[in-house]
Amino acid sequence: MIDVIGLDKHFGTLHVLRALDLRIARGRVTAIVGPNGAGKTTLIKSLLGLVHPDAGSIRIKDTMVNADVRYRAGIGYMPQIVRFPENLSGRDLIALLTHLRGAAVARDEELIDAFALGEHLSKPVRTLSGGTRQKINALLAFLFRPELLVLDEPTAGLDPLSSSLLKDRILAARGVGGTVVLTSHVMSELEELADDVAFLVDGRVAYIGTLFDLKHMTNQSNLERAIAVMMRQGMAA
Amino acid sequence: MTTILKVTGYGVRNLVRSRWLLLYAFFFLASAEGLLRFSSDGTKALLSLSSVVLFVVPLVSVVFGTVYLYNAREFTEMLLAQPVRRSHLFAGLYLGLMLPLAIALGTGILIPFALRGLLRGADGGTLVILVFTGAALTAVFTALAFGIALRIEDRLRGVGAAIGIWLLFALFYDGLLLLLVALFADYPMEKPVLALVLANPVDLARVLLLLRFDLAALMGYTGAVFQQLFGGWTGSLLAATALTLWIAIPFACGQRRFRRKDF
């Protein structure tokens, strides 16, 4: 689904991505993990065309990123923090995105009911709580039944009920052939969702493989400890 | 094209409901109303109102515009993740800010004049020019604001730069020009001064207005020079063209920056 080859990016003197190669398989949930500053966010933003790489290429399905903007019609993106224009309502935002996508697809409004968002959608965003905004953020990512979901810390700020509802939706999306790329600081959550793990250190992929193999390789029973072992080895190396 | 219109539409919808914009419109309403009450005739009120517009519009446009784009940062990222072209998105964001500001200015000024039936005649013409000049200044300074917000990552420094730009064009420029003329009093200075007037959008707006009032000398040295060199249409046309360039060039630079930026 996604082919990243030799991706390189500097921010000033900071070398954030160092000839990063990554292949993400279709129909699977891939977790991007790594220490702070490893380049996770930059990688995700490059997939969306928000960051222009210095070198290297990204192919999503059959389109090169940055060649044509239409590939983004197949992507649902849930950013980590989102600040919507204060005086717009959830419905305004849905309408805006629908216009921008010119979407002919029937919208997936299941999350409106699941999150009980109905009445909140007509209020201006500024009157809504942080959690409710995050629910709208999730709703917008799933709205157009994208083939590829890019989720940056999707459950941050959600209560346990909403968080588990969202996780169900992520797994449901995979169930119908969707590809999911996500990051999270909550390892138990990734353990629940991820099929594959890409471990980033210093702008490179230090490990990519299935969650099972990673645990097996590091001889640990859960992802958190497996990652800890990887990080310790990374520092030693 | 439709992307530009849609994004503009939602920007307008967002801002029209904003208290700040309401306050901005009310400020001009109150100024126009007050000046009309305390002046003996419409022309004098218009002259005072012109000074208010030349002073306040650049300040609010550049500062509010800079803060606006900083606040819209995360939302902009979200829009960029949609299948839209960056140049279209930029134009939409720009118009979505510039149009509500210009509309607030226009309605605030026009209502008191309209209520007194002063929209016709010579004053009416000047009023229209005042509104258009104010709108042009809004366009110039919001474009500059977007340029600042895209170039400077740090918000505090960005707002500082915005205020600096306003201070430069609205306050210091005329003083520096006078100083220059005083220093080179023995040389013919008309042409260099003219060139310097063209390089300041606030001066250009002032010239456009002053050529209507026949009172150039009352409003700064630059106005006087301009009127001396160009009366009537030539001057207006030249000033209007230069002002248009002052909108087009910062806009194009901002758009270029926006296309290449890493978010």
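How many C-beta neighbours does A:D202 have inside 10 Å, and what does A:D202 count as on that basis? There are 15 of them, so A:D202 counts as partly exposed. Keep in mind as you look around that this is a predicted model.

**Chain A as a whole**

- Chain A is built from eight helices and ten strands.
- A compact globule of 237 residues would have a radius of gyration near 18 Å, and chain A, at 18 Å, agrees with that.
- Along the principal axes, the C-alpha atoms of chain A fill a box of roughly 55 × 40 × 35 Å.
- Of the 237 residues in chain A, 43% are buried.
- Take the contacts in chain A between residues at least 6 apart in sequence: 68% of them join residues at least 24 apart.

**The six-stranded sheet**

- Six strands of chain A make an open sheet in the order 6-7-8-3-9-10, and the pairing is mixed.
- Strand 6 and strand 10 (204-210) of chain A are the edge strands, so to find them, look for the ones that each pair on one side only.
- From one strand to the next, the twist averages 15 degrees.
- Helix 4 (residues 130-142) of chain A packs on this sheet and touches strand 6 and strand 7 of chain A. The direction of helix 4 makes about 170 degrees with that of strand 6 of chain A.
- Strand 7 (residues 148-152) and strand 8 (residues 179-183) of chain A run parallel and are joined by five bridges.
- Over at strand 9 (196-201) and strand 10 of chain A, helix 7 (residues 211-218) of chain A lies across both. Helix 7 runs at about 105 degrees to strand 10 of chain A.

**The four-stranded sheet**

- Chain A also has an open sheet of four strands, in the order 2-1-4-5, with antiparallel pairing.
- Its edge strands are strand 2 and strand 5 (63-64) of chain A, each pairing on one side only.
- Strand 1 (residues 2-11) and strand 2 (residues 14-24) of chain A pair in the antiparallel sense over seven bridges.
- Along that pair, A:V4 stands opposite A:L22 in strand 2 of chain A.
- Strand 1 and strand 2 of chain A form a hairpin with two residues between them. In the turn, A:G12 has a positive phi of about 60 degrees.
- Strand 4 (residues 55-60) of chain A runs antiparallel to strand 5 of chain A, and two bridges join them.
- In that strand 5, A:M64 is the bridge partner of A:R59.
- Helix 1 (residues 40-47) of chain A lies across strand 1, strand 2 and strand 4 of chain A, at about 60 degrees to strand 2.

**Two loop residues with positive phi**

- A:D202, from the opening question, sits in the loop between strand 9 and strand 10 of chain A. Phi of A:D202 is near 50 degrees, a positive value in a residue other than glycine.
- A:A116 is in the loop between helix 3 (110-114) and helix 4 of chain A. Its phi is near 50 degrees, again a positive value in a residue other than glycine.
- A:A116 has 13 other C-beta atoms within 10 Å, so A:A116 is partly exposed.

**Where chain A meets chain B**

- On the chain A side, 25 residues are in contact with 22 residues of chain B.
- Strand 6 (75-78) and helix 2 (90-101) of chain A are the elements giving two or more residues to this side.
- Helix 2 of chain A gives the most, with six residues.
- Sorted by class, this side of chain A has 16 nonpolar, three polar and six charged residues.

**The core and a look at chain B**

- In soluble globular proteins, nonpolar side chains tend to be buried together.
- The largest nonpolar core here has 153 residues. Those with the most contacts inside this core include A:V150, A:F199, B:Y94 and B:A205.
- Leaving out residues up to four places away in sequence, B:A205 touches B:L54, B:T133, B:A136, B:L137 and B:L243.
- In helix 4 (residues 73-80) of chain B, the buried residues are B:F75, B:T76, B:M78, B:L79 and B:L80. These buried residues pack against helix 5 (86-115) of chain B.

How values were computed. Residues are numbered from 1 along each chain as its sequence is written. Chains are lettered from A and ligands numbered from 1 in the order in which they are written. This is a predicted model: local features need pLDDT of at least 70, side-chain atom pairs count only at pLDDT 80 or more; totals for chains, interfaces and linings use all residues. A residue is buried if 20 or more other C-beta atoms lie within 10 Å of its own, exposed if 12 or fewer, and partly exposed in between; C-beta atoms are placed from the backbone. Two residues are in contact if their C-beta atoms, placed from the backbone, lie within 7 Å. The radius of gyration is taken over C-alpha atoms; the globule rule is 2.2 Å times the number of residues to the power 0.38. Ala, Val, Leu, Ile, Met, Phe, Trp, Tyr, Cys and Pro count as nonpolar, Asp, Glu, Lys and Arg as charged, and the others, Gly among them, as polar. Axes are lines fitted to C-alpha atoms, for helices over the stretch in contact, and angles run from 0 to 180 degrees between N-to-C directions. A nonpolar core is a set of buried Ala, Val, Leu, Ile, Met, Phe, Trp, Tyr and Cys residues joined through C-beta atoms within 7 Å.
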